[in-house]
Amino acid sequence: MAVEIERKYLIDLEKLGKLENPNRIKQGYLSINKESVVRVRIKNDKAYLTIKGSNNGISRLEFEYEISFDEANEMLDKLCQKPIIDKTRYVINYDVHIWEIDIFYGDNEGLVVAEVELKDENEQIKLPSWIKEEVTDDHRYFNSNLMKHPYKDWVEFQ
């Protein structure tokens, strides 16, 4: 069984420094409900279909399958709910963990988050100086929610 365990944080881009090796990601959702989400993602020149279960703490089931680039484009265009999530991802090694930094565009412009995947829920992590605030439990920051309720619609009210 594939389990994803991750924490999510807001970050201070000014403290982060230069980012290298960008990965452009476009993703859309075929299905979103309480039990699961089904996502189509294009990352650079590869495409994936991902099924994620509902969160249980900071863990959830996750299954990911590579699919053809052309099929993914057609699904994003014709089957996925709109708008499509558009972001650039950077990967940073810090201490013993790999951090994924996402910079969002479109209706989510201005949002920058970092995710770190863990081996278990109780794993201790050393936080980099560029971390501002943990938002793991704030559902507004889930990509599936950003599609329905974009950052631009609620950022002023924080």
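The structure is a predicted model, in which local features need pLDDT of at least 70 and side-chain atom pairs count only at pLDDT 80 or more, while totals for chains, interfaces and linings use all residues. Residues are numbered from 1 along each chain as its sequence is written, and side-chain values use heavy atoms, with hydrogens and water left out.

**Helix H2**
- Within helix H2 (residues 69–78), helices being DSSP runs (H or I) of at least four residues and strands (E) of at least two, numbered from the N terminus, Ala72, Met75 and Leu76 are buried, a term that means under 20% relative accessible area, as exposed means over 50% and partly exposed in between (1.4 Å probe, protein chains only).
- These residues lie on the same side of H2, because they cover an arc of only 100° around the axis, taken from the directions from the helix axis to the C-beta atoms.
- Asp70, Asp77 and Lys78, on the other side of H2, are exposed.

**Asparagine 143**
- Asparagine 143, in helix H3 (residues 143–148), is buried, with a relative accessible area of 9%.
- Leaving aside neighbours within four places in sequence, asparagine 143 is in contact with residues including Lys8, Gln27 and Tyr29, where contact means heavy atoms within 4.5 Å.

**Aromatic residues**
- Tyrosine 9 and tryptophan 99 are both buried.
- Tyrosine 151 and tryptophan 154 are likewise buried.
- Arginine 60 lies over the face of phenylalanine 142, at 5.8 Å from the ring centre, the criterion being NZ of Lys or CZ of Arg within 6 Å of the ring centre and within 35 degrees of the ring normal.
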